[in-house]
Amino acid sequence: MPELEISLLLEAVYQKYGYDFRQYSEAHIKRRIMNSKAMSGLENISQMQSKVLNDEAFASKLLQDLSITVTEMFRDPGFYKSLRENVIPVLKTYPFIKIWHAGCSTGEEAYSMAIIMQEEGLYDRTTIYATDFNQQALSQAKEGIFSNSMMKEYTTNYQLSGGKESFSGYYTSNYDNVIMNQSLKKNIVWANHNLVTDSVFAEVHLILCRNVLIYFDRNLQNKVQRLFYDSLVNGGILCLGSKESLRFTDLNEEYTELDKKQRIFKKDY
Amino acid sequence: MKIMFSLLPENFSTPIIIVQHISAHSDNQWIKLLNDKSNLPIKETDEKEKIERGNVYIAPPNYHLLIEKDKTFSLTIDERVNYARPSIDVMFESAAEAYKNKLIGVILTGSNNDGTKGMKRIQECGGLTIVQDPATAESSYMPASVIAAMQVDYVLPLNGIIALLIKITQLQFHK
């Protein structure tokens, strides 16, 4: 019975390594585990459980499989357009700006944020905390090296979001890869933080957590939204992914919609 | 699809879930247009939304659509499957496991083989499989691919599919 085996596997991962996938969306986790199983050549999930407990390399690979998130620069250009129009004016009123990018994965959206802040002349008084629980993704993000083949798509996204500069000015090319400018990396603090298990680490003016909560079940989403609420200043702004909402959480009444379509919310005073 | 929704009656209560290959940047104007011609309410799925009778749900662009055992929707942004996101295979596979033999899988016109694996899974889990007759489809590749890979329960032109769906749901209703 795969559901029971999955439950036991996740319990093993949690108890041994402290990574908690037990309240993730079941259909999503099942799919990831079955793919992992197929790649591993193991016969059943109980075998995976046994290997996870005894083989650290295997466990590490499984953790990667369960946590890789696909991301893009300026993903959902409409969102970034709205950010420029509706959120930047609010941020301009603060002497120092703190932004928390929760679940930053390999960093594409954090760099996008840095670009916008630089273009708005706000970057020097901004700190972006970019966090994720996936150490490998975080290390990659810190390096700021991306594949050259993606840049065309990212340039389109950037332009659709209202960007007027030459996008290639933000990185240097090196054969198959590009490396983001040091001036963009300067005020980004990369840190390991697990939304499921860790607590408030700073009070910030803006939180972006886009397309991370979709992987969590309702209870866990509620818990994380509470964490975000506790991490935001009064009047601070929360940005979710284009199909995410506060609707099924306890925090729904605590925010006003700044942009309903783009899922930008302002914390009530 | 416009034809399909103008022909399905208002009282068609079985929920319909659709995955269509659309551009990641598409807005949902086309859904508004579809709604104008339709007797059933059509909307893009919301995350964690519960599947209700009488509704038609469409997967949003650039996400994969999954169905949970508790009959709610989940979205993911995994890698494209069969170059598609949303992928038909991904949705069909999770629907097959959530609904088992209470599921009808329908494949219409399409230009790649996304959906073939999904239809197989639906059949494995006891569901019913219906494919649009490739001869009547605008693009025959997708339906033909399913027919080549398995023993489909019904191969019909669009009108036939609609008539069959109405018949099946009416039978259910009278039970």
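This is a predicted model: local features need pLDDT of at least 70, side-chain atom pairs count only at pLDDT 80 or more; totals for chains, interfaces and linings use all residues.
Two packed helices are described by the angle between their axes and the distance between the axes. For helix H3 (residues 88-99) and helix H4 (residues 116-124) of chain B, the axes come within 7 Å and cross at roughly 10°. Since angles under 35 degrees count as roughly parallel, H3(B) is therefore roughly parallel to H4(B). On the side of H3(B), the contact is made by B:Ile88, B:Asp89, B:Phe92, B:Glu93 and B:Ala96. H4(B) answers with B:Lys117, B:Gly118, B:Met119, B:Arg121 and B:Ile122. Sorted by class, the residues of this contact are five nonpolar, one polar and four charged.

Chain B also holds an open sheet of three strands, in the order S1-S3-S2 and with parallel pairing. Strand S1 (16-18) and strand S2 (42-44) of chain B stand at the edges; each has a single partner strand, so one side of each is left without a neighbour in the sheet. On average, and with direction ignored, neighbouring strands of this sheet are turned by 25° against each other. Looking at one pairing in detail, S1(B) and strand S3 (residues 56-58) of chain B run parallel and are joined by three bridges. Within that pairing, B:Ile17 has B:Tyr57 of S3(B) as its bridge partner.

Turning to the place where the chains meet, 16 residues of chain B are in contact with 14 residues of chain A. Two strands of chain B, strand S4 (64-67) and strand S5 (73-76), each supply at least two residues of the side that touches chain A. Of the elements on this side of chain B, S5(B) gives the most, with three residues. By class, the side of chain B that touches chain A divides into six nonpolar, three polar and seven charged residues.

Strand S9 (residues 255-259) and strand S10 (residues 264-267) of chain A pair in the antiparallel sense over four bridges. One of the paired positions is A:Asp259, whose bridge partner in S10(A) is A:Ile264. The hairpin of S9(A) and S10(A) has four residues between the strands, and A:Arg263 takes a positive phi near 60° there.

Key: Residues are numbered from 1 along each chain as its sequence is written. Chains are lettered from A and ligands numbered from 1 in the order in which they are written. Axes are lines fitted to C-alpha atoms, for helices over the stretch in contact, and angles run from 0 to 180 degrees between N-to-C directions. Angles under 35 degrees count as roughly parallel, over 145 as roughly antiparallel, 65 to 115 as roughly perpendicular and the rest as oblique. Two residues are in contact if their C-beta atoms, placed from the backbone, lie within 7 Å. Ala, Val, Leu, Ile, Met, Phe, Trp, Tyr, Cys and Pro count as nonpolar, Asp, Glu, Lys and Arg as charged, and the others, Gly among them, as polar. Two strands pair if DSSP finds at least two bridges between them.
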